[in-house]
Amino acid sequence: MQSDPFGNLKDWGPVLDLICQMSANSRLSECQPGLTRILAYKDNWRLREETLQRIGIIENPSEAMVSQVLRIIADENLYYEVRIMACETMSEWLKNYRNQFSAATKVCLAEKMAKQLEIPQPPFFADALIKLHSIVHERFGAV
């Protein structure tokens, strides 16, 4: 399997079908660079949301993918629903992650959570942040 089999993201129908097919066959972890590219692609909300809904099952997410999900959480220019989905994905990884995140990722995650919690947020987004923050604290303690 190619690490990025998704091709042109502007032709999103086949990309969406491929994501669904790979998810059903438990093959998403094989194409993390491509999934990371989809998460960074700002011109199609549907692809980003579908990817976020499915990647939480990846047991060993790459540092690049984790960083991209953190960028989505912190991006004040994105709509709250996708940022909440990113919080839920990160929560799934933290609950199910078999290996440890790198020290740099732990620090970055803790810092971004603290910064986001300092900013007044709508209650539905604040709830997602608080839940994620508690999982980060439970999983890593004081970073």
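At the start of helix H3 (residues 45-54), a side-chain oxygen of Asn44 comes to within 3.0 Å of the backbone nitrogen of Arg46. The model is predicted, with local features needing pLDDT of at least 70 and side-chain atom pairs counting only at pLDDT 80 or more, while totals for chains, interfaces and linings use all residues. Residues are numbered from 1 along each chain as its sequence is written, and side-chain values use heavy atoms, leaving out hydrogens and water. Helices here are DSSP runs of H or I with at least four residues, numbered from the N terminus.

Further along H3, the buried residues are Leu47, Arg48, Glu49, Glu50, Thr51 and Leu52, where buried means under 20% relative accessible area with a 1.4 Å probe, protein chains only. Their cover includes helix H1 (12-24), H2, H4 and helix H5 (80-96).

Two of these covering helices, H2 (residues 32-40) and H4 (residues 63-74), also pack together, at an angle of about 15° and with axes 9 Å apart. That makes H2 roughly parallel to H4, a term for angles under 35 degrees. Axes are lines fitted to C-alpha atoms over the stretch in contact, and angles run from 0 to 180 degrees between N-to-C directions. From H2, Gln32, Leu35, Thr36, Leu39 and Ala40 meet Ala64, Met65, Gln68, Val69 and Ile72 of H4, contact being heavy atoms within 4.5 Å. By class, this contact has 7 nonpolar, 3 polar and no charged residues.

Finally, helix H5 holds Ser91, which is buried at a relative accessible area of 6%. Not counting residues up to four places away in sequence, Ser91 touches Leu132 and Ile135.

Conventions
Helices (H or I, at least four residues) and strands (E, at least two) are DSSP runs, numbered from the N terminus. Angles under 35 degrees count as roughly parallel, over 145 as roughly antiparallel, 65 to 115 as roughly perpendicular and the rest as oblique. Ala, Val, Leu, Ile, Met, Phe, Trp, Tyr, Cys and Pro count as nonpolar, Asp, Glu, Lys and Arg as charged, and the others, Gly among them, as polar. Buried means under 20% relative accessible area, exposed over 50%, partly exposed in between (1.4 Å probe, protein chains only). A polar contact is a pair of N or O atoms within 3.5 Å; within protein, one must be able to donate a hydrogen and the other to accept it, and residues adjacent in sequence count only if both atoms are side-chain atoms.
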